[in-house]
Structures are given as C-alpha cells and as structure tokens.
Amino acid sequence: MAVAALSPWPASTATVSLAAARACLRAELGDMDDSRLDRLGSTAAALVERYAPNAPQPVKNEATIRCAGWLHEQPGASIRSERVGDIDTAYATGSLSALRHSGAMALLSPWKVRRAGAIG
C-alpha cells in the first residue's frame, strides 16, 4: 500500500487522496466508518500542522496516526472510573493534550519553531 499524506488532511474534493488517507488510518486504527475517520484524521492533522508545520511528511504522518489513535481510545464523557465485571478502569480526567499524551509531540519537537522574546 502506498503511503498517503495524512497531514494536512485531504479536502473532501480530493477524492483519491482522501480515500488513500482513510485507508491508511483505517489500517492503523481498525475498521470504522468514513465520517469517524474524517473527524479523527482532520482533528489530529490540524493539531500536527499547528504544532510543527515544517516537519517531514513521514514524521507528520506518524504523529497524525498516534494522535488520532489516542483520540479514538478516549472515553466520550468525563468518566473517572468504571467497573465491568471484575475489571476496574480509571481514567485521568486531566489528560487533555492529545499531542502530548499520544507521543506525537515528542516526534514533532525537533521541528517546533520556538521564538525568543525581549525581556524588560
């Protein structure tokens, strides 16, 4: 399978690129409908592009996959813990940064533009 560019997420009018991006993300995250893939992919790609737009494409692709995967696995509500049978699961409600907690920020960090400002 050819590697698709995941970041920036392809526009809905770019049908070939969008289909390739969906296929790539579906292969990593599992089978889900196109609207869910588009939501996860476009959100993750927007975060990646805002943080490090000049990163190489393979790094941006991996960061987008990691970020989308992290978003996919998060609970929909602010549930702190739940019990299913004998298994207790607790969620960190303060985990708000998809880039940081997925590992994408660490991948993109060498290409992050940092600016200095004058003090005083």
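## Contacts of N61

Two residues are in contact when heavy atoms of each lie within 4.5 Å. In this predicted model, N61 touches V3, A4, A5, L6 and S7, leaving aside residues up to four places away in sequence.

N61 is part of helix α3. Because its relative accessibility is 7%, under the 20% cut-off, N61 counts as buried.

## Helix α3

Helix α3 covers residues 57-73, 17 residues in total. From its first C-alpha to its last, α3 reaches 24 Å, close to the 24 Å expected at 1.5 Å a residue.

N61 is one of the buried residues of α3, a list that also holds V59, K60, A63, T64, I65, C67, A68, G69 and W70. Which helices do the buried residues of α3 pack against? They pack against α1 (15-29), α2 (34-51), α4 (98-102) and α5 (104-108).

## The chain as a whole

The secondary structure of the chain consists of 5 helices and 2 strands. Read from the N terminus, the order of the elements is α-α-α-β-β-α-α.

The chain has 120 residues, of which 32% count as buried. Where contacts link residues at least 6 apart in sequence, 59% join residues at least 24 apart.

Note on methods: Residues are numbered from 1 along each chain as its sequence is written. This is a predicted model: local features need pLDDT of at least 70, side-chain atom pairs count only at pLDDT 80 or more; totals for chains, interfaces and linings use all residues. Side-chain values use heavy atoms; hydrogens and water are left out. Helices (H or I, at least four residues) and strands (E, at least two) are DSSP runs, numbered from the N terminus. Buried means under 20% relative accessible area, exposed over 50%, partly exposed in between (1.4 Å probe, protein chains only). The expected span of a helix is 1.5 Å times one less than its number of residues.
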